Amino acid sequence: MNVPVIKQIRAYTVRGGGADYHDQGGGHWIDDHIATPMSKYEQYRQSRQSFGINVLGTLVVEIEASDGTVGFAVTTAGEIGAYIVEKHLARFIEGQKVTDIEKMWDQMFNATLYYGRKGVVINTISGVDLALWDLLAKVRGEPVHQLLGGPVRDQLQFYATGARPDLAKEMGFIGGKMPLHHGPAEGEEGLKKNLAMIEDMRHRVGDDFWLMLDCWMSLDTNYATRLATKAHQYGLKWIEEALPPDDYWGYAELRRNVPKGMLVTTGEHEATRWGFRLLMEMGCCDIIQPDVGWCGGVTELIKISALADAHNVLVVPHGSSVYSYHFVITRHNSPFAEFLMMAPKADQVVPMFNPLLLDEPVPVNGRIAASALDKPGFGVRLNPECKLVRPYEH
Ligand SMILES: C[C@H](O)[C@H](O)[C@@H](O)[C@@H](O)C(=O)O
Ligand SMILES: [Mg+2]
């Protein structure tokens with residue numbers, strides 16, 4: 001069988017939303033006094049952009065095959081990622097058959113082991129991997145989910161992340177995840193405000209709607225335990241990413257001490273099968289939330305998900321648009337997905353990687369039909385209005 005080979009890989013950067021969805025304009029809920037590990041410094045408390053949450057920007061990876069097919073993907077890595085693709089990873093990609101994804105992943109990972117393993121290097125490898133899956137699926141004229149074993153259900157159902165779970169309920173989502181606004185540095189006053197927010201939102205959404213809290217690595221084990229215990233009366237379904245990613249010991253202690261029935265979740269800033277193995281073998285969480293654009297790509301998420309399945313742990317990927325939808329629809333232990341509300345007031349559904357991807361499917365009544373994913377590759381196109389820059393060449 002004549003398999004196309006890869007002619008060229010190209011890396012571009014773009015600003016303003018896209019995969020680096022924290023890169024938004026002013027007045028957006030996603031940058032409004034949200035608790036972070038930097039909240040102990042008052043000058044960095046109001047805005048996450050003030051300490052640089054959006055410094056990276058989006059990396060666009062384009063891979064062209066000998067038959068003219070072009071695959072692409074986007075992730076959070078910006079110019080650093082573009083450098084790594086052009087100056088380092090390109091040598092493992094160009095000249096390879098489009099089918100040899102496993103070998104290309106292994107060479108990219110092992111060649112960067114001395115400076116990678118997690119963070120922006122694995123984000124970059126993830127972006128290349130997603131572009132390779134997009135390319136292979138397009139060469140075969142199939143949606144990516146069909147290369148992964150096909151749908152196990154006829155639709156995806158979503159919870160919504162944003163400031164307005166009450167509006168998310170009206171829009172048909174199965175739950176709403178709120179950002180935490182006050183960390184330990186704001187003391188008992190801050191804890192009271194956190195609880196008041198949860199109480200108010202529970203009052204607005206009624207008893208049966210899922211309410212979750214996203215703590216974005218901002219707490220310590222004692223504060224998280226106290227918050228979880230006091231929030232239990234409001235039926236909090238899970239407390240997410242309460243601690244810094246490396247505090248596996250803290251997560252294991254938190255999970256032992258949260259009220260019965262409350263779930264502990266984490267993983268969006270974890271990477272590779274080894275990081276998730278540690279989370280699961282140390283009993284850190286009930287649900288892992290890898291971001292397929294940050295954990296190693298689809299090739300690595302297949303391994304992570306199989307490991308989680310063996311541990312009876314659910315895999316609910318962090319919001320990563322079509323890149324996670326094609327995976328979630330094919331996995332029994334991924335029963336629902338996240339949708340990040342990227343409208344500034346979280347009051348309407350707009351594409352998650354807005355404005356970068358054309359044809360990006362969005363939930364209607366909190367659902368996306370599997371059939372909406374039945375286009376070659378990941379089924380999206382780059383918006384030509386978004387100005388791409390190619391900062392390096394090889
Ligand atoms: C809402 C959270 O603070 C983050 O901005 C969000 O991107 C992430 O933690 C999530 O789970 O969606
Ligand atoms: Mg989160």
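User: Let's count helices as DSSP runs of H or I with at least four residues and strands as DSSP runs of E with at least two, both numbered from the N terminus. In which loop is Glu241?

Analyst: Keep in mind that this is a predicted model, where local features need pLDDT of at least 70, side-chain atom pairs count only at pLDDT 80 or more, and totals for chains, interfaces and linings use all residues. Residues are numbered from 1 along each chain as its sequence is written, while chains are lettered from A and ligands numbered from 1 in the order in which they are written. Glu241 sits in the loop between β7 (236-240) and α8 (248-257).

User: Is Glu241 buried or exposed?

Analyst: The test is to count other C-beta atoms (placed from the backbone) within 10 Å of the residue's own: 20 or more is buried, 12 or fewer is exposed, and in between is partly exposed. Glu241 isn't a glycine, yet its phi is positive, about 40°. With 26 C-beta neighbours inside 10 Å, Glu241 comes out as buried.

User: What is the phi of Met217, which is not a glycine?

Analyst: Most residues other than glycine have a negative phi. Met217 is in the loop between β6 (210-214) and α7 (221-231), and it is buried, with 21 other C-beta atoms within 10 Å. Its phi is positive, at about 70°.

User: Which two residues does a cis peptide bond join?

Analyst: Most peptide bonds are trans. Here, omega is about 0° at the cis bond, and the proline involved, Pro355, belongs to the loop between β11 (337-340) and β12 (357-358). The pair is Asn354 and Pro355.

User: What separation do the C-alpha atoms of Ala35 and Cys215 have?

Analyst: Ala35 is in the loop between β1 (6-14) and β2 (58-65), and 24 C-beta neighbours inside 10 Å make it buried. Residues are in contact if their C-beta atoms, placed from the backbone, lie within 7 Å. Setting aside neighbours within four places in sequence, the contacts of Ala35 include His181, Cys215 and Trp216. Ala35 and Cys215 are 180 residues apart along the chain, but their C-alpha atoms are separated by 6.7 Å.

User: How far apart are the axes of α2 and α3?

Analyst: In α2, Ile101, Met104, Trp105, Met108 and Phe109 meet α3 residues that include Val128, Leu132 and Trp133. The packing angle of α2 and α3 is about 170°, which makes α2 roughly antiparallel to α3. Their axes are apart by 11 Å.

User: How many residues of domain 2 are in contact with domain 1?

Analyst: Going by an automatic or database domain assignment, the chain is divided into domain 1 (6-20 + 56-142) and domain 2 (147-375). Their C-alpha centres lie 26 Å apart. Domain 1 brings 24 residues to the contact, and the number from domain 2 is 17.

User: Which helix supplies the largest share of the side of domain 1 that touches domain 2?

Analyst: Three elements each supply at least two residues of that side: β3 (70-76), α2 (101-111) and α3. The largest share, 10 residues, comes from α3.

User: How many residues of helix α11 are buried?

Analyst: Helix α11 spans residues 321-328 and is largely enclosed by the rest of the structure. Among its buried residues are Tyr323, His326 and Phe327.

Key. Two residues are in contact if their C-beta atoms, placed from the backbone, lie within 7 Å. Axes are lines fitted to C-alpha atoms, for helices over the stretch in contact, and angles run from 0 to 180 degrees between N-to-C directions. Angles under 35 degrees count as roughly parallel, over 145 as roughly antiparallel, 65 to 115 as roughly perpendicular and the rest as oblique.
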